[in-house]
Amino acid sequence: MVSKEREVAIEAVLKACTVCQKVFNTLVKGETVIKQDESPVTIGDFAAQAIVSITLQKHFPDFKLVGEENSKALKESESLRKRVTNLVNETLESKYSEEEIMKAIDRGTYEGGSTGNFWVIDPIDGTMGFLRGGQYAVCLGYTVNGEITLGVLGCPNLPCNDMDENGPKGCLFIGEKGLGAFQRNFGSNEDVKIHVSQADTTAKAKFCESFESSHSSHKDSAEIASLLNITLPPIRIDSQCKYGIIARGNAEVYLRFAREGYIENTWDHAAGSLIVKEAGGIVCDMYGKPLDFSKGRQLINNKGVIATNGILHNQVMKAIKSVFKLNNVLLA
Ligand SMILES: Nc1ncnc2c1ncn2[C@@H]1O[C@H](COP(=O)(O)OS(=O)(=O)O)[C@@H](OP(=O)(O)O)[C@H]1O
Ligand SMILES: [Mg+2]
Ligand SMILES: [Mg+2]
Ligand SMILES: [Mg+2]
């Protein structure tokens, strides 16, 4: 039986994807706000977080939410507030006031932790990709006692079939703990089971990494790739779509090495990491430690993120150990 959480998460993510696609088609310059950490946020991010929050609230009135966005910029700008309110009301069946929408967004201020149940939302992951017309994902995870048990990724611009740019685009990835990982194409109700690649030699492996070198060092990953005799060029795409393409076997390795001192956010990895694990892969940090989602809004116990098809995992971890001159790296 499909869980209610899974059904509701899919409904919420699909509605949020609809609003993102609409925003991309109508976005006018100047509607991007630059946040304190200098990253961009658009009306799409706010509207998508509001839509997911309102949808969760409808089915689970006491839900808790760790979300990337908050309503600060909307409180400061009437025009932004009005645009987001219109977008949400055009997408949902019921109508909501500006205050209700800001309150829904601010449900996302929950601090997370190791006990109880809560959701984790990145309304647009890869906002830079979204603005470029590239890859982005609406990412929703569900956490029980500090562990992710459900993940849904909505990837509106991702090719449905391998990386075929000429074929249909737009798909969901769904992972549920113990039940496997699935792909559902936009417009379909069929969930197709997916599995990581069975490639067992690094020389033929494909690896993916961030589009932006400021988010993950391309130089370090090139060194690791060379040590592993990987000759194919890296697949550079934004967002948790990277987890999706590992989960369905389009690439074997995802490397993410942020700058010194950067701590990863839970919403950038919650849904995607579970989907890769449920597809048979392994996800950990650069020391081989599992990602620890029980410590609040950020992955304070981890550094970097590595996802592999499992078969190549230990070879990849040994290369990381060697390139970064690490003493202790856990193997699978
Ligand atoms: N300096 C730095 N280092 C590492 N990561 C950072 C950094 N700055 C931002 N972020 C987070 O990266 C999220 C996007 O990750 P991506 O893998 O999609 O990056 S990329 O766009 O492909 O380069 C991005 O998520 P969104 O803000 O949801 O787009 C950020 O949370
Ligand atoms: Mg952001
Ligand atoms: Mg993100
Ligand atoms: Mg985001």
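This is a predicted model: local features need pLDDT of at least 70, side-chain atom pairs count only at pLDDT 80 or more; totals for chains, interfaces and linings use all residues.

Reply: We begin with a term: a strand here is a DSSP run of at least two E residues, and strands are numbered from the N terminus.

Me: Is I124 buried or exposed?

Reply: A residue counts as buried if 20 or more other C-beta atoms lie within 10 Å of its own. I124 has 33 other C-beta atoms within 10 Å, and is therefore buried. Leaving aside neighbours within four places in sequence, I124 is in contact with C20, G44, D45, A48, F130, Y136 and V138.

Me: Which residues does UniProt list under "binding site"?

Reply: Such annotations may be inferred rather than shown by experiment. The unreviewed UniProt entry lists E68, D122, I124, D125 and D268. These residues span 201 residues in sequence, yet no two of their C-alpha atoms are more than 9.7 Å apart, so they gather at one spot.

Me: Where does E68 lie, and what does E68 touch?

Reply: E68 belongs to the loop between β3 (65-67) and α3 (72-76). With 23 other C-beta atoms within 10 Å, E68 is buried. Not counting residues up to four places away in sequence, E68 touches I121, D122, P123, N265 and W267.

Me: Which residues come nearest to ligand 1?

Reply: There are 21 residues around ligand 1, and G126, S210, E212, H215 and D238 come nearest. The elements that give two or more residues to this shell are β4 (117-125) and α6 (127-132). At least three of its residues come from each of domain 1 (4-194) and domain 2 (202-323).

Me: How should I read the relation between the two domains?

Reply: The size of an interface is often given as the accessible area lost when the parts come together. In this case the description rests on distances and residues. The centres of domain 1 and domain 2, taken over C-alpha atoms, are separated by 22 Å. Their contact takes 40 residues from domain 1 and 28 residues from domain 2. On the side of domain 1 that touches domain 2, the largest share, seven residues, comes from β6. The residues of that side divide into 17 nonpolar, 15 polar and eight charged.

Me: In what order do the strands of the open sheet stand?

Reply: Strands of a sheet pair through backbone hydrogen bonds, either parallel or antiparallel. Here five strands form an open sheet in the order β11-β10-β12-β14-β13, with mixed pairing. β11 (235-236) and β13 stand at the edges, each with a single partner strand, so one side of each is left without a neighbour in the sheet. Strand β10 (residues 207-209) and β11 pair in the parallel sense over two bridges, and C208 has I235 as its bridge partner in β11. By contrast, β12 (residues 253-256) and β14 run antiparallel, joined by four bridges; L255 has I306 as its partner in β14. β13 (residues 282-284) and β14 are also antiparallel, over three bridges, and V283 has A307 as its partner.

Me: Which way do the residues of β14 point?

Reply: In a regular strand the side chains alternate between the two faces of the sheet. In β14 (residues 305-308), V305 and A307 point one way, whereas I306 and T308 point the other way, and all are buried.

Note on methods. Residues are numbered from 1 along each chain as its sequence is written. Chains are lettered from A and ligands numbered from 1 in the order in which they are written. A residue is near a molecule or strand if its C-beta atom, placed from the backbone, lies within 6 Å of it. Domain bounds come from an automatic or database domain assignment. A residue is buried if 20 or more other C-beta atoms lie within 10 Å of its own, exposed if 12 or fewer, and partly exposed in between; C-beta atoms are placed from the backbone. Two residues are in contact if their C-beta atoms, placed from the backbone, lie within 7 Å. Two strands pair if DSSP finds at least two bridges between them. Ala, Val, Leu, Ile, Met, Phe, Trp, Tyr, Cys and Pro count as nonpolar, Asp, Glu, Lys and Arg as charged, and the others, Gly among them, as polar.
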